[in-house]
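Open the model in your viewer and keep the selection tool at hand. The tour goes from one selection to the next.

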Amino acid sequence: MEVSMLGAAWHALTLLAEPTRLGFLALGALLGVILGILPGIGGVAGIAILIPFTFSMDPYTAFAFLLGLGSTTATGDPIPAVLFGMPGGAGSAATVLDGHPMAKRGEAGRALSACYMASLMGGVFGAALMAVSIPLLRPLVLGVGSPELLALSIFGISMVAVLSGNTPLRGLAVAGLGLMLSMIGTDPQTGTQRWTLDSLYLWEGLHLIPIVLGLFALPELCDLAIARTSITGGRAPDVKGGMWRGARDCFEHWWLVLRCSWIGAFFGAIPGIGASIIDWLAYGHALRTEKGAQESFGSGDVRGVIASESANNAKEGGALVPTVAFGVPGSAGMAVLLGAFMVHGLIPGPEMLNKNLSVTYSMVWSIALANLVGAGLCYAFSAQFARVATLRYTLILPTVLGIVYIGAFEVGRDWGDLFLLLGFGVLGWVMKQLKWPRPPLILGVVLGDIFERYMFISVERYGLDWLTRPLVAVLLVLALLGVVRPFWRDVKAQGGIAGMLGNFGAPRLALPQLFPAALIVLFACMLLESRPWASAAKAVPQIVGWASLVFAAASLANAVFRRSAAAAGMAERAQAEVGARIHMDLSSDTGHLPLRTVLLRAAIFFGWFLAFMASMAVIGLIPTVPLFVVGYMRLENREPWKLVLGQAAGLTLFIYVVFHRLLTVPWPETLLGTWFPALKVIPSL
């Protein structure tokens with residue numbers, strides 16, 4: 001068997017080395033990097049678009065083309081995450097925490113290089129792991145049932161305490177909010193409509209991409225508009241030196257790369273554990289295990305970037321294991337890839353490990369080579385990417401905002417996605433200003449559906465016996481330790497329980513305390529509305545809701561009664577509440593400005609968002625884009641007309657070609673198109 005496997009691997013490599021196949025693989029890698037840079041699009045849409053073009057190809061060429069794209073999307077994802085604090089996809093959200101602060105202090109080149117090299121090393125590791133593990137992992141993957149997946153989701157939720165720094169009460173409260181938000185929609189067990197507010201859009205639940213872009217992209221862009229400067233604040237990035245240093249960082253921390261790559265590949269092989277969870281698991285692992293990470297992560301530590309990105313790319317090799325071996329897709333991209341299996345007459349399962357073993361190994365080589373090509377392309381253009389961080393805000397914001405609007409809309413292709421983007425954008429900005437950690441909220445949204453689904457399956461099928469399975473017991477113990485450890489560390493830092501209780505005094509009221517108070521009101525309203533639901537529909541919401549209410553109330557009491565220094569501004573007052581403790585999120589750069597100025601400029605920023613939506617409702621999205629670019633650049637900073645018109649025309653043409661012609665996005669009906677049907681020949685009208 002060993003000889004046949006080596007022979008099949010060598011045969012697959014020789015076939016893939018044919019110039020035409022390598023050309024298609026490189027083209028797929030290029031398209032993957034481009035799609036990764038575009039926020040909210042991702043590789044799933046790209047693979048779906050390319051499948052029809054593979055009908056006339058042989059399987060080796062077809063999968064080289066498709067996997068070239070799917071494997072390198074994650075390589076392009078960190079570019080907007082580092083430069084703008086805006087994840088290119090849900091799988092690069094953790095990269096924002098350290099990558100964007102590095103860009104702000106002029107280390108964009110180093111951060112990007114670390115991302116590329118970590119992605120390359122992780123992707124190659126994931127491919128290698130797949131190559132040797134498909135026959136070995138069959139019993140393990142088949143042995144993972146709903147109890148193990150439930151325990152994995154609980155373990156993932158326990159990461160909330162780690163991702164909250166040393167403010168676990170805040171983290172648990174917002175994680176509870178995320179879990180509650182994930183349950184919005186139709187309950188799969190009873191059909192009960194949960195918190196849908198009589199809106200058809202909410203029946204299917206909240207889409208993840210608008211939430212991620214709202215929480216992480218809009219607040220950073222808003223702060224950039226408030227500060228009215230470049231991302232680096234005028235500091236020139238050390239591009240050439242930064243490139244060498246970022247690559248060297250990955251080799252210096254090779255053991256971290258290896259560990260996080262293994263995490264990405266392992267969890268990628270488990271169906272249902274997506275990219276939006278894996279990068280946080282790897283980041284939390286690095287935060288717990290790396291020396292000095294508790295003090296430096298979240299403020300621009302290159303190890304945080306390396307951990308997230310190495311796991312993010314390694315997951316592709318892992319996700320291919322159950323897809324090839326069992327026909328069970330390990331990710332959304334692999335679910336689409338199964339369509340290509342059928343197109344080319346391939347049947348996932350034993351045949352792929354025997355009769356079509358060379359095709360299987362061609363997929364392994366495709367993933368490995370695509371990561372090499374993708375990293376090479378990113379390195380070739382990194383100097384240009386890094387210099388974007390030095391541009392004036394009026395040159396960056398119109399283009400980035402235009403792409404963000406479309407990235408959020410393209411997911412569900414519904415107006416509700418834009419309202420969701422706006423709502424979470426405001427929420428994310430407020431949380432950033434008040435130093436409430438945003439990563440636990442995302443983790444709660446992602447894991448909530450998984451947690452509830454597998455809990456009902458496990459209890460229905462196994463009763464309480466699911467708790468006695470060995471892997472479940474190990475994961476639950478690790479989850480308990482993960483939650484208790486930050487609380488215990490906080491108590492010890494204050495001199496034990498007696499010292500902590502002695503630190504409370506007379507109540508002190510302040511503006512930031514309105515946020516936990518609002519959370520308490522929201523949780524109470526959601527609990528009241530859930531009371532008449534069927535028992536199966538309200539069981540988990542009631543448990544999570546009451547726990548979240550307790551955490552929010554404890555956080556409010558902590559802010560009101562704990563002694564801390566007085567502070568004048570909103571951001572400073574929030575910092576005083578947090579004290580010297582670790583804040584595991586990006587910090588605002590607008591603290592030097594008066595509160596009145598900050599609020600006024602933030603209102604102007606979100607006013608532009610509302611103006612865009614209003615114009616889109618009247619004349620359509622594509623005609624709105626040039627008007628928005630011209631209006632923003634001229635009114636905000638009086639940019640030269642030549643520059644304004646060129647940027648408006650370029651962005652409009654790009655959106656028309658990519659989204660209207662290639663992705664064929666069905667734009668919503670407009671008022672102008674309704675009034676004058678003859679104008680519907682114009683795109684998006």
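At what angle do helix α21 and helix α25 pack, and how far apart are their axes? Select residues 439-462 for α21 and residues 535-561 for α25. This is a predicted model. The two helices pack at about 130°, and their axes are 11 Å apart. An angle over 145 degrees would count as roughly antiparallel, and 65 to 115 as roughly perpendicular; α21 and α25 are therefore oblique to each other. Their crossing is right-handed.

Next, show the side chains where the helices meet. On α21, pick Phe-451, Glu-452, Met-455 and Phe-456. On α25, pick Ala-536, Ala-537, Val-540 and Pro-541. These residues make the contact between the helices. Seven of the contact residues are nonpolar, one is charged and none is polar.

Now move to helix α27, residues 595-619, and select Ser-615 within that helix. Which residues does Ser-615 touch, leaving aside its neighbours within four places in sequence? Ser-615 is in contact with Gly-620 and Thr-624. Then select Val-625, which is 10 residues from Ser-615 along the chain.

Finally, zoom out to the whole protein. Colour by secondary structure: there are 30 helices and two strands. Of the 685 residues, 59% count as buried. Among contacts with a separation of 6 or more, 80% are between residues 24 or more positions apart.

How values were computed
Residues are numbered from 1 along each chain as its sequence is written. This is a predicted model: local features need pLDDT of at least 70, side-chain atom pairs count only at pLDDT 80 or more; totals for chains, interfaces and linings use all residues. Side-chain values use heavy atoms; hydrogens and water are left out. Axes are lines fitted to C-alpha atoms, for helices over the stretch in contact, and angles run from 0 to 180 degrees between N-to-C directions. Helices (H or I, at least four residues) and strands (E, at least two) are DSSP runs, numbered from the N terminus. Angles under 35 degrees count as roughly parallel, over 145 as roughly antiparallel, 65 to 115 as roughly perpendicular and the rest as oblique. A crossing is left-handed if the near helix is turned anticlockwise from the far one by less than a right angle, and right-handed if clockwise. Contact means heavy atoms within 4.5 Å. Ala, Val, Leu, Ile, Met, Phe, Trp, Tyr, Cys and Pro count as nonpolar, Asp, Glu, Lys and Arg as charged, and the others, Gly among them, as polar. Buried means under 20% relative accessible area, exposed over 50%, partly exposed in between (1.4 Å probe, protein chains only).
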